[in-house]
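Hi,

Here is the structure I promised to pass on.

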Amino acid sequence: MSNFISDLPKVELHLHIEGTLEPELVFALAKRNGITLNYLDESALQAAYQFDDLQSFLNVYYSGMQVLLTEQDFFDLTWAYLVRSHADKVRHVEIFFDPQAHLERGVPMAAVVEGIVRALEQARQQWGLTSRLIMSFLRHLSEDSAFETLGLAEPFRHHLSGVGLDSAEKGNPPTKFARVYAAALEQGYRLVAHAGEEGPASYIRDALDILGVERIDHGVAAITDPPLMARLAQERIPLTVCPLSNLKLKVINHMSELPIPQFLAAGVCVTINSDDPAYFGGYMNANYQALQEGLNLSDENILELALNSVEACWLSPEEKAHLA
Ligand code: ADE
Ligand code: ZN
């Protein structure tokens, strides 16, 4: 591991808390909650983390999170992630959670949000590690379900900075959630969406123009659309790219194919993030390291990527002072 990368203070902007569920914690929570798993042990579960595409990952991801039932489970999950991130010198994190995946299992919104928030608050007190929480809608579910979720979030509104959109991208375009995003904006939420991960560049345009998002999660498909690239650069619209995720889900075949140098050269505010680190083989340092090795990036390139994350995060200018 390069010292430059391990010593660099970092900001993480694209992280699904349910994607930090390590096999060890799956087994511990299954035991605590009296759940029988389909895997004999941790290494058998780990061995199942081989994916052909986004959907094959999502199947394992939604299955794994069935061990999360109580407020304490969500605290333990979030705390384990924060301990790892603190070790990677992460100073600020903006975390997604998928309430619909828990509500449909009978887990109330309160258990999810309060467990996550309690861990985030402890990290702030112990290490000064700051955070924002983003509620994400599952795009394979209906508009009605998203609206219902937005309503259930109202008592927790003060804990939530923004809304996002994740899950199966193909066949679930941003337009499906135009009215939900309009309602969320009305309620003062900030807006982001996954777009251009497996889907086309047109989904990135639609996320910007129809949903009105200020940041694009993934967005790597923009490289196929030069006018869109020019717009992203001109408006400094951040992309939260996730290198190990793109590799594991076969968005790219090799790290050398990830268009990070082209994004930087074009002046796009591209950032590096871990997405679902328990499933994709590493947290923030591992993502930076794999990227530097795969693309022969200089330390100056790495610094520029880290500074882009500071620019793109939702802290106030005063709050950003602690990141240095
Ligand atoms: N949910 C968790 N990780 C995701 C990803 N990379 N893309 C879409 N939905 C997700
Ligand atoms: Zn994601």
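A word on naming before anything else: helices (H or I, at least four residues) and strands (E, at least two) are DSSP runs, numbered from the N terminus. Asp 276, for one, sits in the loop between β8 (270–272) and α14 (277–280).

Some housekeeping: this is a predicted model, where local features need pLDDT of at least 70 and side-chain atom pairs count only at pLDDT 80 or more, while totals for chains, interfaces and linings use all residues. Residues are numbered from 1 along each chain as its sequence is written, and chains are lettered from A and ligands numbered from 1 in the order in which they are written.

**Around the ligand**

The UniProt annotation "binding site", from an unreviewed entry, covers Asp 276. UniProt positions are given in the numbering used here, feature names are shortened, and annotations may be inferred rather than shown by experiment. Asp 276 counts as buried because 26 other C-beta atoms lie within 10 Å. The cut-offs: buried takes 20 or more other C-beta atoms within 10 Å of a residue's own, exposed takes 12 or fewer, and partly exposed is in between, with C-beta atoms placed from the backbone.

Leaving aside neighbours within four places in sequence, Asp 276 is in contact with His 16, Gly 19, Tyr 61 and Ser 245. Contact here is a matter of C-beta atoms, placed from the backbone, lying within 7 Å of each other.

Which residues are around ligand 1? They are His 16, Gly 19, Leu 54, Tyr 61, Asp 166, Ser 167, His 194, Glu 197, Ser 245, Asp 275 and Asp 276. To be near a molecule or strand, a residue needs its C-beta atom, placed from the backbone, within 6 Å of it. By class, this shell has two nonpolar, five polar and four charged residues. Ala, Val, Leu, Ile, Met, Phe, Trp, Tyr, Cys and Pro count as nonpolar, Asp, Glu, Lys and Arg as charged, and the others, Gly among them, as polar.

Glu 197 lies in the loop between β5 and α10 (201–211), and Glu 197 is buried because it has 24 C-beta neighbours inside 10 Å. Apart from neighbours within four places in sequence, the contacts of Glu 197 are Leu 54, Glu 169, His 218, Val 220 and Val 251.

Strand β4 (residues 162–166) is mostly covered, with five of its five residues buried. On one side are Gly 162, Gly 164 and Asp 166, on the other Val 163 and Leu 165, and both faces are covered.

β4 pairs in the parallel sense with strand β3 (residues 130–138) over five bridges; to pair, two strands need at least two bridges found between them by DSSP. Met 135 stands opposite Val 163 of β4. From β3 the chain crosses through helix α8 (residues 143–152) to β4, in a right-handed β-α-β crossover. Right-handed says that, with the strands pointing away from the viewer, the path from the first strand over the helix to the second runs clockwise.

β4 also pairs in the parallel sense with strand β5 (residues 190–195), over two bridges. There, Leu 191 is the bridge partner of Val 163. β4, helix α9 (residues 178–186) and β5 form a right-handed β-α-β unit.

Why does Val 163 count as buried? Because Val 163 has 28 C-beta neighbours inside 10 Å. Not counting residues up to four places away in sequence, Val 163 touches Ile 134, Met 135, Phe 137, Ala 184, Tyr 189 and Leu 191.

Most residues other than glycine have a negative phi. His 218, in strand β6 (residues 215–218), has a positive phi near 75 degrees. With 27 other C-beta atoms within 10 Å, His 218 is buried. Asn 296 also has a positive phi, about 55 degrees, and is not a glycine. Is Asn 296 buried or exposed? Asn 296 is exposed, with 9 C-beta neighbours inside 10 Å, and its place is in the loop between α15 (284–295) and α16.

Cheers

Key. Contact = placed C-beta atoms within 7 Å.
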